[in-house]
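Open the model in your viewer and keep the sequence panel beside it. The stops below go from the whole chain to single residues.

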Amino acid sequence: MRADCVEPNAENATEAELLVAMEAAPNKRSYRRMAAIRALLKGYTRRQVAELFGRSERMVRLWILMFNEGGIDALCSKPRPGRPRKIKLERL
């Protein structure tokens, strides 16, 4: 399948399930991804979604691939580990 032909798999989640997941999204990044997939499922083109969310068509295609492979859970961004604090939370 060509990259241009990639469409979100509607069997992974319904629009209602995406709406519930959007309300419970842990951050703005995850919310934006779910909203983009929901718009695609409603019938918007990839170009329209890219313009609507201020992202490239390539990024929207990557979100579609993530959704098709892992469903809603794949759209949620995971926390990134970082350097430990120098000052303990008790002292703050």
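What radius of gyration does the chain have, and what would a compact globule of 92 residues have? The chain has 16 Å, whereas a compact globule of 92 residues would have a value near 12 Å. The radius is taken over C-alpha atoms, and the globule rule is 2.2 Å times the number of residues to the power 0.38.

This is a predicted model, in which local features need pLDDT of at least 70 and side-chain atom pairs count only at pLDDT 80 or more, while totals for chains, interfaces and linings use all residues. Residues are numbered from 1 along each chain as its sequence is written, and side-chain values use heavy atoms, with hydrogens and water left out.

**Whole chain**

Show the chain as a cartoon. Five helices and zero strands are present, and from the N terminus the elements run α-α-α-α-α. Helices (H or I, at least four residues) and strands (E, at least two) are DSSP runs, numbered from the N terminus. Along the principal axes, the C-alpha atoms fill a box of roughly 55 × 25 × 25 Å.

Of the 92 residues, 28% count as buried. Buried means under 20% relative accessible area, exposed over 50%, and partly exposed in between (1.4 Å probe, protein chains only).

**H2 and H4**

Two packed helices are described by the angle between their axes and the distance between the axes. Select residues 28-42, which form helix H2, and residues 57-70, which form helix H4. At what angle do the axes of H2 and H4 cross? They cross at roughly 90° and come within 10 Å. Axes are lines fitted to C-alpha atoms, for helices over the stretch in contact, and angles run from 0 to 180 degrees between N-to-C directions. H2 and H4 are therefore roughly perpendicular, a label for angles of 65 to 115 degrees.

Show side chains next. Arg32, Arg33, Ala36, Ile37 and Leu40 of H2 meet Val60, Trp63, Ile64, Met66 and Phe67 of H4; contact means heavy atoms within 4.5 Å. By class, these residues divide into eight nonpolar, no polar and two charged. Ala, Val, Leu, Ile, Met, Phe, Trp, Tyr, Cys and Pro count as nonpolar, Asp, Glu, Lys and Arg as charged, and the others, Gly among them, as polar.

**H3 and H4**

Arg46, Arg47, Val49 and Ala50 of H3 make the contact with Glu57, Val60, Arg61 and Ile64 of H4. This contact has four nonpolar, no polar and four charged residues.

**Two single residues**

Select Cys76, in the segment after helix H5 (72-75). Is Cys76 buried or partly exposed? At 22% relative accessibility, Cys76 counts as partly exposed. Leaving aside neighbours within four places in sequence, Cys76 is in contact with Pro26, Ser30, Arg33 and Met34.

Finish at Ala24, in the loop between helix H1 (15-23) and H2. Ala24 counts as exposed, at 59% relative accessibility.

Technical notes. Angles under 35 degrees count as roughly parallel, over 145 as roughly antiparallel, 65 to 115 as roughly perpendicular and the rest as oblique.
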